[in-house]
Structures are given as C-alpha cells and as structure tokens.
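Good morning. Please have the sequence and the structure open while I talk.

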Amino acid sequence: MLKERLYGKTLNELIAVAKRIGLPGFAAKQIADWLYKKEIQSIEEMTNLSKKTREILSTDYEVGLYPPVNVSESSDGTRKYLYKVLKDKYIETAYIPDNERATICVSSQAGCKMGCIFCMTGKQGFQGNLSTNEILNQFRSMPEFLNLTNMVYMGMGEPLDNLNEVLKSLEILTSEWGYGWSPTRITVSTVGLIAGIKEFLAKSRCHLAVSLHSPFDEERKKLMPIQRTNTVEEVLDIIREFEINNQRRISFEYILFKGLNDTPRHIKELARILNGIKCRINIIRFHQIPGAQFQSPDLSATISFKEALNAKGILTTIRASRGVDIQAACGLLSTIEQNKPV
Ligand code: SF4
C-alpha cells in the first residue's frame with residue numbers, strides 16, 4: 001500500500017492526521033518540528049514520540065522526501081536538478097548562487113497550460129499539478145538546502161494555476177511552526193492570472209513577479225496566449241487597487257527579444273502603463289531554445305533599453321543570464337529527459 005507523505009502537510013493537516021490515529025493535538029506540533037526544523041528522513045527518527053506512536057504513524061504514513069535524479073552544473077556555479085514527480089514526469093529546479101545569496105528556483109507544475117511561445121515548458125503541454133510535498137521537496141532535498149537564502153517560483157508551470165498547493169507551501173515556508181522564513185525572501189511569478197493574483201495578494205505576503213514581455217495587448221497575445229482573457233490593464237488595475245505595503249515588492253519580468261519588444265515605442269508605453277505603480281522591471285535577455293524564431297538582443301541594446309526605462313523613472317535591472325551552458329531555460333532539461341528512449 002502506498003503511504004501518505006507527511007512532509008508538505010500544514011500544521012492543520014498534521015492536527016487532522018494526529019486526530020485520525022488517536023494522538024493528542026500537541027503531537028502534530030512535534031511532528032511539524034521534526035519535518036521542518038530538523039533534518040530527518042524517517043518517522044523512526046522522531047525520537048520524542050513514543051515507539052508505539054511511531055509504529056502507528058508508520059502504518060499509513062512516511063516522511064516522503066526523495067533526492068533529485070540528475071544534476072548538471074554550469075561553469076558559473078548554477079546547478080540544475082531534475083526531480084521525478086507524478087510517477088513518471090520530470091521537473092527542473094535551479095540552484096543559483098550569487099555572492100551572499102543562494103536562490104532556489106522551484107517548479108509548481110509538470111509542464112504548463114499557458115503555452116507561451118518562447119518557452120520550452122509551454123511546448124511540453126500540461127502534465128499535472130505538483131503537490132505541496134513535490135514543491136517543497138525540491139527545496140528540502142536539494143543538496144544546498146542549508147545554504148539557501150531566497151526562493152523564486154519561476155520554474156516549470158504557472159504557480160497561480162496551482163494556487164492551493166503553492167499557498168500551502170508558502171504557509172509552511174513562512175510560519176513560525178514551519179521554516180520561519182520571511183515572506184520577503186520569496187517571490188512568486190505569474191503570467192497574470194487575474195483571479196489568482198487577487199487571491200495570492202490577499203492570502204500571502206510574498207513578493208509578486210508578473211511576466212509582462214510587452215505593454216501592447218496584441219503583441220502580448222502572440223507571445224502569451226493567456227493575454228486573451230487576462231489583459232495587462234486588468235492585471236495592473238488589481239495591483240493598483242491592492243494596498244501593497246512597503247515590505248512587499250511587485251516586479252514585472254520582461255524578456256527582451258531582438259527587434260520585437262525593444263523599441264522606443266515599447267519604452268514609452270511601459271512608462272505610461274506603469275505610471276503610479278511602485279514596482280521594478282527585471283529585464284531578461286531571451287535564451288535561445290530549439291525551434292524558436294526569436295533572437296537574443298546584444299548586451300549593449302539591453303543596457304540602452306534599461307537606461308531608457310530608468311530615465312523615465314521606472315526602476316529597471318537586467319537579470320544576469322545564468323547557467324546558459326547547462327540549458328537553464330526552463331523546460332529544456334526535462335524535455336530531453338522525457339524524450340529519452342526507455
Ligand atoms: S513561461 Fe511560464 S507560464 Fe509560460 S509556458 Fe513557460 S512555464 Fe508556463
């Protein structure tokens with residue numbers, strides 16, 4: 001019989017487990033401590049629970065941690081891990097060291113429904129939502145777990161399309177009974193799902209990154225089909241209406257494509273639509289993927305674009321391209337793994 005995984009359960013869910021097997025409520029807090037504050041791999045190691053309790057717990061449950069199945073390392077120190085999920089699917093998780101920071105980039109779904117045409121994961125199609133266990137196992141089972149300082153939900157999948165599991169993972173990361181991380185160390189990205197943004201802003205205090213890639217609806221529609229039902233203006237209206245405290249950061253991700261979204265017209269329109277929103281733009285130079293008709297802009301054009309936006313009063317940074325030599329663009333490694341002959 002397949003056992004249920006304890007790792008990835010919230011305190012309330014652990015209370016329900018304790019109740020189900022006849023343990024007192026405080027046992028749930030003890031189990032949470034073992035799961036999220038100590039480095040154990042098995043129920044047997046939960047030594048402040050009696051032997052009998054551990055036996056009862058082990059009948060139907062297991063801790064449920066599992067290591068990555070593969071890793072590739074870039075010359076710049078970025079590592080890309082491959083985890084097996086949902087029985088026979090693969091997801092990617094990146095470890096990105098940068099001076100004192102060490103960021104983990106996690107996946108929230110296997111494949112993705114959103115179909116952004118510049119993205120390898122989009123080309124895989126949707127294969128399933130990750131459970132909270134599968135989201136957080138990427139973090140906990142990463143060999144660099146103890147060094148991690150920041151976490152971004154920018155790997156495979158659209159996090160707000162799997163919002164329940166993502167919110168539960170954020171609860172575990174930021175609760176005092178969980179990992180106790182500050183929400184300001186965590187950023188969740190989205191293509192701009194309206195209902196999801198509303199719920200995420202209301203239920204979490206983590207940073208939000210919206211993938212923008214063009215200020216023009218028609219152009220954005222060609223890059224990101226989701227624009228048909230979730231327009232830029234609607235996304236910006238929600239952000240304007242929501243009271244964003246000073247601790248929280250709203251950013252817009254902007255993949256720069258040569259000759260497509262890098263013109264003075266784009267700069268002018270970005271300045272117009274973002275007027276009055278306290279935010280920043282992160283520019284990412286397009287990473288070439290197989291079969292894409294796009295080109296990466298050169299560095300000088302990217303810097304000019306950034307400076308022009310800064311001159312318009314929009315705080316803009318260029319996100320360094322990391323791990324290019326290990327195919328770090330999201331979805332490439334798992335696509336290769338999935339297509340390997342059995
Ligand atoms: S860019 Fe993100 S949302 Fe778009 S298809 Fe890729 S994984 Fe999905």
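First, the ground rules. This is a predicted model, where local features need pLDDT of at least 70, side-chain atom pairs count only at pLDDT 80 or more, and totals for chains, interfaces and linings use all residues. Residues are numbered from 1 along each chain as its sequence is written, and side-chain values use heavy atoms, with hydrogens and water left out.

Helices (H or I, at least four residues) and strands (E, at least two) are DSSP runs, numbered from the N terminus.

Start with helix α6, residues 163–174. Helix α6 has twelve residues and spans 16 Å from its first C-alpha to its last, close to the expected 16 Å. The expected span is 1.5 Å times one less than the number of residues.

Which residues of α6 are buried? They are L163, V166, L167, S169, L170, I172 and L173. Buried means under 20% relative accessible area, exposed over 50%, and partly exposed in between, with a 1.4 Å probe and protein chains only. As background, an α-helix has 3.6 residues a turn, so residues three or four places apart point the same way.

What do the buried residues of α6 pack against? Their partners are α2 (26–37), α5 (132–140), β9 (150–153), β10 (186–190) and α7 (194–203).

Take α5 from that list. The axes of α5 and α6 come within 8 Å and cross at roughly 45°, which makes α5 oblique to α6. Axes are lines fitted to C-alpha atoms, for helices over the stretch in contact, and angles run from 0 to 180 degrees between N-to-C directions. Under 35 degrees counts as roughly parallel, over 145 as roughly antiparallel, 65 to 115 as roughly perpendicular, and the rest as oblique.

At this pair, T132, I135, L136 and F139 in α5 meet E165, V166, K168, S169, I172 and L173 in α6. By class, the contact of α5 with α6 has six nonpolar, two polar and two charged residues. Ala, Val, Leu, Ile, Met, Phe, Trp, Tyr, Cys and Pro count as nonpolar, Asp, Glu, Lys and Arg as charged, and the others, Gly among them, as polar. Contact means heavy atoms within 4.5 Å.

The second pair is α1 (residues 11–20) with α2, whose axes come within 8 Å and cross at roughly 125°. α1 and α2 are therefore oblique to each other. Here L11, L14, I15 and A18 in α1 meet A28, K29, I31, A32 and L35 in α2. By class, that contact has eight nonpolar residues, no polar ones and one charged.

Now the single residues. T10 sits in the loop between β1 (4–5) and α1. Is T10 buried or exposed? At 4% relative accessibility, T10 counts as buried. Leaving out residues up to four places away in sequence, T10 touches K168, E171, I172 and W177.

S214 lies in the loop between β11 (207–211) and α8 (217–223), and S214 is buried at 0% relative accessible area. S214 and H266 are 52 residues apart along the chain, with their C-alpha atoms separated by 7.2 Å.

Last, Q109 is in strand β7, residues 109–111. Q109 is buried, with a relative accessible area of 0%. Not counting residues up to four places away in sequence, its contacts include I91, F126, M156 and D161.
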